[in-house]
Number of protein chains: 6
Amino acid sequence: MTRIWVINPNTTRAMTDTIAACAAAVAGPGVIVTGITSEIGPASIESHYDEALSVPGVLRAVAQGEREGVDGYVIACFGDPGLDAAREVATGPVIGIAEAAMQAASHLGTGFSIVTTLSRTIGQSAHLAERYGMQRFCRGIHACDMPVLDLDSDPNARKVVTEACREAVEIDGSDAVVLGCAGMADMCDEISRELGVPVVDGVSAATLTVQSLVTMGLRTSKRGDYATPPVKHYSAG
Amino acid sequence: MTRIWVINPNTTRAMTDTIAACAAAVAGPGVIVTGITSEIGPASIESHYDEALSVPGVLRAVAQGEREGVDGYVIACFGDPGLDAAREVATGPVIGIAEAAMQAASHLGTGFSIVTTLSRTIGQSAHLAERYGMQRFCRGIHACDMPVLDLDSDPNARKVVTEACREAVEIDGSDAVVLGCAGMADMCDEISRELGVPVVDGVSAATLTVQSLVTMGLRTSKRGDYATPPVKHYSAG
Amino acid sequence: MTRIWVINPNTTRAMTDTIAACAAAVAGPGVIVTGITSEIGPASIESHYDEALSVPGVLRAVAQGEREGVDGYVIACFGDPGLDAAREVATGPVIGIAEAAMQAASHLGTGFSIVTTLSRTIGQSAHLAERYGMQRFCRGIHACDMPVLDLDSDPNARKVVTEACREAVEIDGSDAVVLGCAGMADMCDEISRELGVPVVDGVSAATLTVQSLVTMGLRTSKRGDYATPPVKHYSAG
Amino acid sequence: MTRIWVINPNTTRAMTDTIAACAAAVAGPGVIVTGITSEIGPASIESHYDEALSVPGVLRAVAQGEREGVDGYVIACFGDPGLDAAREVATGPVIGIAEAAMQAASHLGTGFSIVTTLSRTIGQSAHLAERYGMQRFCRGIHACDMPVLDLDSDPNARKVVTEACREAVEIDGSDAVVLGCAGMADMCDEISRELGVPVVDGVSAATLTVQSLVTMGLRTSKRGDYATPPVKHYSAG
Amino acid sequence: MTRIWVINPNTTRAMTDTIAACAAAVAGPGVIVTGITSEIGPASIESHYDEALSVPGVLRAVAQGEREGVDGYVIACFGDPGLDAAREVATGPVIGIAEAAMQAASHLGTGFSIVTTLSRTIGQSAHLAERYGMQRFCRGIHACDMPVLDLDSDPNARKVVTEACREAVEIDGSDAVVLGCAGMADMCDEISRELGVPVVDGVSAATLTVQSLVTMGLRTSKRGDYATPPVKHYSAG
Amino acid sequence: MTRIWVINPNTTRAMTDTIAACAAAVAGPGVIVTGITSEIGPASIESHYDEALSVPGVLRAVAQGEREGVDGYVIACFGDPGLDAAREVATGPVIGIAEAAMQAASHLGTGFSIVTTLSRTIGQSAHLAERYGMQRFCRGIHACDMPVLDLDSDPNARKVVTEACREAVEIDGSDAVVLGCAGMADMCDEISRELGVPVVDGVSAATLTVQSLVTMGLRTSKRGDYATPPVKHYSAG
């Protein structure tokens, strides 16, 4: 029995539900996926500020998971907030949806486009592409200029995202698309059918990456940067 | 039912058996893994020359797999020979063991070492690390200077590889190891226990990557570089 | 009158005092430097986990500064925690001591060494060097393996840091040294005299960078990534 | 007396004739250039698949050349197929037309454009530009979307290629052009006159590079990656 | 008392006056800024040829400054001509206006545009951006196609430069502007007000960088590349 | 009839003689090689300062060559001083010995070592390797710590250089050597025989590169950065 926690770093439970459903839909038999909503931080993550404030909640969730013997974690926000810190805390693997999605797309073509929400988050996606070595596969990052929480409520959301993907593929000459927000996790199949190119959702990709690493018996290395942090006093403020 | 072919690009059947066993050991329920031995080319791959001559056999195997409706392929040699060409021929995903192993290791620490067979193959591993964007995680590539086919027959093989891994981790200050030959696929657990760091075998990693992509319904993009090759005359020589 | 806040992202007041004294010693006439101790987070920053938990305190301090009309900010920890987020919140410039120190060193020679505290923080310094474009000047990063809070209390601290600097310069063939911890801010002159190469302290460098930008009338751009974050609900946990 | 073999990796003899004539036209006195048509593989090379299947024929030709004491080899296809493997087999230098053309262009301006045949080969040219370190000089890669074998037969070919070059120079702001197909070898002078910028043909450039290396007494190094491959059994399939 | 020489590498005194006024306007109390006009070389610098011929004059000025005990130098041409050589000759810091301006801009946003004079100088700016590690912040380099000496005399100059800046920001999606010519030093405030983004002048930035380094007691390292050149015979020609 | 001028950028005639002899020894029939000694500047080039002061002499020589209808130029100092400026002035190709040597070595193995004179010139060689895209082939740069003018007079010079080459190959694991000073031009064959790896002299390589470009009818592009410089007043000082 493998237990994977899919942590939504924002505090919006409806979004956790969408995310957890996508994760559960791909998980293998014997894998229990649980969606976890962060208890502290912003309602959605649309700036460096939001991202920074979401990290303590992610770390608290991972610490809780460790106490419960969870096997691995997905951080389900495309900025992969708190990834390094979470790996220090966790025993098993911790995977961000941005890294998993970009790696998956790198196998399907020679260059992908990322389609994200607000244009102010493009810089962060670019930074992650570099950090993960995926810069050479990433031909462009595009915003559909729709706030995260509207993805669920706006009846035009799918259409807007689909059109942004179509444009991205044309402009970049790319052969795959990465959806740059956990809130788009359930749009993949439809957009892929519409556009005729693979469309990758990071939530599914990250869940399966965790599952695969657990299957191979691979855990976060405790030699080096991801060793357990030194114990010390933390002020609550 | 998912069918994955794990193609051994050399013609040595004993090595295919080891590889297929490792792949099958990690595959999920409902996944049938078949080891395929290339019918043309070298008995082992230890030079650019060997690698070049192994590619037609790999492509013949993929073409055969397509006729049989295979869902995805692993190329089980650390040089990932013929990867781009195989993707043009295949409908489903094709994954090399080098790319899969390096990506897996990139999640477990901040820098890994590769331990391979002969030192003359170091250059090729370095080239692949660059090509896959994994250069930034790869802290060093080390040879244990043991020919590929001795890995199976030499009683000291495990010890030699283990010591090469130990040295690599020390010298590079790395926190994970990637085994750079399909013939080392069954040594992972033992070396990992010995050294206390994650040790990644590409055969398992690539098999699970194919399985994950198939689960997500993701196939090789036919828009762009990996489109089906134009039909033309090929001379048999 | 220019007001600069030098924010110590950890909660140790004695360290703030050292930092503020170094900053004040270089500030020009008409510049008022105030040391600010973070109210929430860790007592020292020695892991990604510590760094992540220090960020909310830094952001709270900057928000307070904005209400008081502060002209610019220094983030006085070599990991530059919360830099991007703080820039979204601030009107004036926000400078990390790592970026300021590396840039200063880049003018004095063709390659510098960084000497930091614990070896587990080397990866983070390397990441910052890349992020700031200073990778090409950074010839090596070395740890003196002394915990941050011992820098102040251990009578051997200066000697240990000096010897680590000496070794770094020899091994790397570098021509300048960057001290990789705010707690080393008052050691520069002595080590420089001892070694005969320029030794850069980031607290002084960052303070003067803020002062210079304010003098030129340059503020954080509010077009693009550093625009004020969208207003939304934040849960306190 | 210097003997250079210019190997056409495809099986189309008419193309070998064009190539050999271009090579012979620039070779110095005392240099005998012989065009060699590959005996196995595709009639033209327009995919990774074609390229992979052309390599065994190239290697067979080089092996034959070694038996006849040939001094050096040109691989006359812009994908430089089999270059590393051929160097392992050869005693003298082996030069691909892509590397030679890009290097020549790098001396004539600060940035060149490549104009190739089908757009699906753009990725391969980009990969070679990176591999040879020429990425920094390569401002763009453009396809004229004409199949390789039409270059010789289509009466509009020169016009189509010329217009593609003109557009490339404008769009990229480049100051030189590299023709990205051996089948364009005889178009250089005309396009250069038309456009007023240097236009480089790889066949001439590679032939003269081989000639120059032979004149200097420089051969492929047998220390390292290009050492003669280990002898082993190869199955014919 | 700190003495800074701001060296105009061309021989046009009117331009030195503009430059010196901008430098003096930002210098702190106790800092004496002197504008120095080069005595040998071109009237303006608009080619590699001009730049090369300006260097001996820059070096002569620095040698003169050393004899007079000057504390630091600014090289006030955006090509930073002679920077490495001047550092070998100088005791104190020597700063080019390109490096100082790009570094300042890197603190204010995530990506800047450079606006320079003639398009033929774009390549040199790109080269400097790479050399200083600022390539990752530089989103584009644009020419306003106005000769250097017309900046002062042409009544449309400010308008032309402003419009070029506006276009650059739009096209590049950048959040700051670097003015790429010392002759634009006095246009900053106006353009910044017009465009609503920070606009950086290198003369001010470099002057304050020298001042800051002197304040910190930091001088050019004499260990390594910037050691005093070996004494030898120089022919006057 | 092709006329090539091999310009020695320092003023030491004996060195010009060695250089010209090496160039003439490889030039083809119908090529007249003339050694040109610079009339202004340093007796040898061992610093950025020397290099800067050598450039006006190089440019004067090229201007003289243009008046005499010279077909191409070699700049025979491993710093390639004045290369960009010379290309603006010249009609035919201008080649530096560093670029030509590194490119030649890039064809013979997968990684070369550079052996130069004084260690203070290592930085400049590294900079050129980057500029020419040869960084990826350059495994190390080593100094033999012998002044340029002693190469000719010191009876131990060949031995010292040979031993430095031997060490470089061992330490770097390289498979070829580039000699990093025009004054070493006549040592190649001997060192190559001694070490068993190809040893490249830039003077021969650059001469043959010029000859090849002239044979192909390729000249410096006058579109873009290398266009003829704008005419203006130059003060003689």
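Predicted model: local features only at pLDDT ≥ 70, side-chain atom pairs only at ≥ 80, totals over all residues.
## Strand β6 of chain C

Strand β6 of chain C spans residues 112-116 and is mostly covered, with five of its five residues buried. Phe112(C), Ile114(C) and Thr116(C) point to one side of β6(C), while Ser113(C) and Val115(C) point to the other side. In a regular strand, side chains alternate between the two faces of the sheet. In β6(C) the residues on both sides are buried.

β6(C) has parallel pairings with two strands of chain C, β7 and β8. Strand β7 (residues 138-143) pairs with β6(C) over five bridges, and within this pairing Val115(C) has His142(C) as its bridge partner. Strand β8 (residues 176-179) pairs with β6(C) over four bridges; here Ile114(C) stands opposite Val178(C).

## Arg120 of chain C

Arg120(C) lies in the loop between β6 and α5 of chain C. Is Arg120(C) buried or exposed? Its relative accessible area is 14%, and the cut-off for buried is under 20%, so Arg120(C) counts as buried.

## Interface of chains A and B

The size of an interface is often given as the accessible area lost when the parts come together. For chain A and chain B, the buried area is about 3,500 Å², and 59% of it is on carbon and sulfur atoms. His107(A), Leu108(A) and Arg223(A) supply 22% of the area that chain A buries against chain B, more than any other three residues. Each chain brings 45 residues to the contact.

Across this interface the rule finds two salt bridges and 21 residue pairs in polar contact, both residues of each pair being at pLDDT 80 or more. One of the salt bridges is between Arg223(B) and Glu170(A), where the closest N and O atoms are 3.4 Å apart. On the side of chain A that touches chain B, the elements giving two or more residues are α4 (97-106), α5 (122-131), α7 (157-172), β9 (199-201) and α9 (202-215). Of these, α9(A) gives the most, with eight residues.

## Strand β4 of chain D

Strand β4 of chain D, residues 72-75, is covered on both faces. Gly72(D) and Val74(D) lie on one side, Tyr73(D) and Ile75(D) on the other, and all are buried.

Which strands of chain D pair with β4(D)? Strand β1 (residues 2-8) pairs with β4(D) in the parallel sense over four bridges, and strand β5 (residues 94-96) is joined to β4(D) by three bridges, also running parallel. Ile75(D) takes part in both pairings: it is the bridge partner of Ile7(D), and Gly96(D) in β5(D) is its bridge partner there. Together with helix α3 of chain D (residues 83-89), β4(D) and β5(D) make a right-handed β-α-β unit.

Notes:
Residues numbered from 1 in each chain as written. Chains lettered and ligands numbered in written order. Heavy atoms only, no water. Buried < 20%, exposed > 50% of the residue type's maximum accessible area, 1.4 Å probe, protein only. Pairing = 2+ DSSP bridges. Contact = heavy atoms within 4.5 Å. Buried area = accessible area lost by both parts, 1.4 Å probe. Salt bridge = Lys/Arg side-chain N within 4 Å of Asp/Glu carboxyl O. Polar contact = N/O pair within 3.5 Å; in protein donor to acceptor, adjacent residues only side chain to side chain. Right-handed = clockwise from strand over helix to strand, strands pointing away.
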